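Thanks for coming. I will go through one model today, starting with a sheet and then turning to the packing.

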Amino acid sequence: MATSVEEHAALVASLVEPRLAQIEPETVPLLQALGRVLSSDVLSPVDLPLFRNSQMDGFAVRATDATPTTTLPVEGVIAAAVGSPPALAPRTALRIMTGAPVPDGADTIIPVEDTTVDGDSVVIHRGRAAGEFVRERGSDIRAGELLLTAGTMLASRHLAALAAAGITRVSVLGRPTVAIVTTGAELLDPGAEPQPGQVFDSNSVALVAAVTAAGGEVTLVRRVVDDPAQLLAVLDEATGADVIVTSGGISHGDFEVVRELLEPRGARVGHVAMQPGGPQATAVFEGVPVISFPGNPVSTQVSFEVFLAPLLRAAAGLPAADRRPRRLAGPVRSVAGKRQFLRGRGVGADGVEIVAGPGSHLVAGLAASDLLVIVPEDVTELAGGETVETWAL
């Protein structure tokens, strides 16, 4: 009897979650923190801006001295550079550049567009109120105030704020580490010249990308032929990871290398009531959970999205994939007793159309999809316009 999707998902979670719960936060340089998730709040160590500075190229003056038609002597130039400017004397002006420190005594900036330079003097055409075009120290954030909250997924704007505050390293959630093992004597590297009976190994590429997208870190990628001794050696090598993922070798044919090696060691190998991805297996090897998916490419990718991606995303602090109901653009037929994960594409705001057949080898069809369309086990037909659950890919 086949296991339900929920039962197998619970089994996978029971093996994987305790391991992922042990992952500690780590401190990384800012340039390695893009896309990582903060493990704790970050307080600003400084005031921002660091000092009172000019918002415009223009003239630093006292507002009361710079009424329209006034001519003021220009006593110097303040660049955006290292150093402290001289204080502004009454009824004078200092030419100032954007970002340069505003001198003591000045309380406003007259933009250069509102002036005319006449030799060593400047004619003011429009006055400004005190404080205009002056960026006060700490007007963005004060030292000790909350700069970023725990759980923030770091984008370029967050890294910029951290750098502006002088921070060089941040504490982020650790990434789950995953070892990937694909199996099959028929597999060869993409780009090689295939011999009769050979196919390119797309599962390695798919799983590496999928693990990375789910917030994990791939620590090992190996491909083995249908040889238990070779698989055993690779698994020994993979035990440093939090999770080992295999593809292929768990069905009922000959040369099922994962089944042959791991079932005598306590692996649970069986069938889940889903399509694609019926054959599934779990094991624990040297204390490390092993999650085994079927080898057909679409089955591998769908199985990862159903059973492992949610766990990795949660451990890495990433939001869950978008799941929402949509209306079918056309009718759908399904197989009784199996939950279908059809490939679909979003149409409009809330529609979805099926873009490929149910075959587990249709990698181009999956590539043309951006959604999985879920048809429950007890549903065999759906009419266009009916609502189905969809998962974003």
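For the sheet, two strands count as paired if DSSP finds at least two bridges between them. Helices (H or I, at least four residues) and strands (E, at least two) are DSSP runs, numbered from the N terminus. The model is predicted, so local features need pLDDT of at least 70 and side-chain atom pairs count only at pLDDT 80 or more, while totals for chains, interfaces and linings use all residues. Residues are numbered from 1 along each chain as its sequence is written, and side-chain values use heavy atoms, with hydrogens and water left out.

There is an open sheet of 6 strands, mixed in pairing, in the order β7-β4-β6-β5-β9-β8. β7 (108-111) and β8 (115-118) are at the edges with a single partner strand each, so one side of each has no neighbour in the sheet. Inside the sheet, β4 (residues 58-61) and β6 (residues 93-96) run antiparallel and are joined by 3 bridges. G58 sits opposite I96 in β6.

Now the packing. A nonpolar core is a set of buried Ala, Val, Leu, Ile, Met, Phe, Trp, Tyr and Cys residues joined through side-chain atoms within 4.5 Å; buried means under 20% relative accessible area, exposed over 50%, partly exposed in between, with a 1.4 Å probe and protein chains only. The largest such core has 31 residues, and V16, M274 and F341 are among those with the most contacts inside it. Helix α6 provides the largest share, 9 residues.

Contact means heavy atoms within 4.5 Å. Not counting residues up to four places away in sequence, V16 touches V243, P289, I291, L308 and L311.
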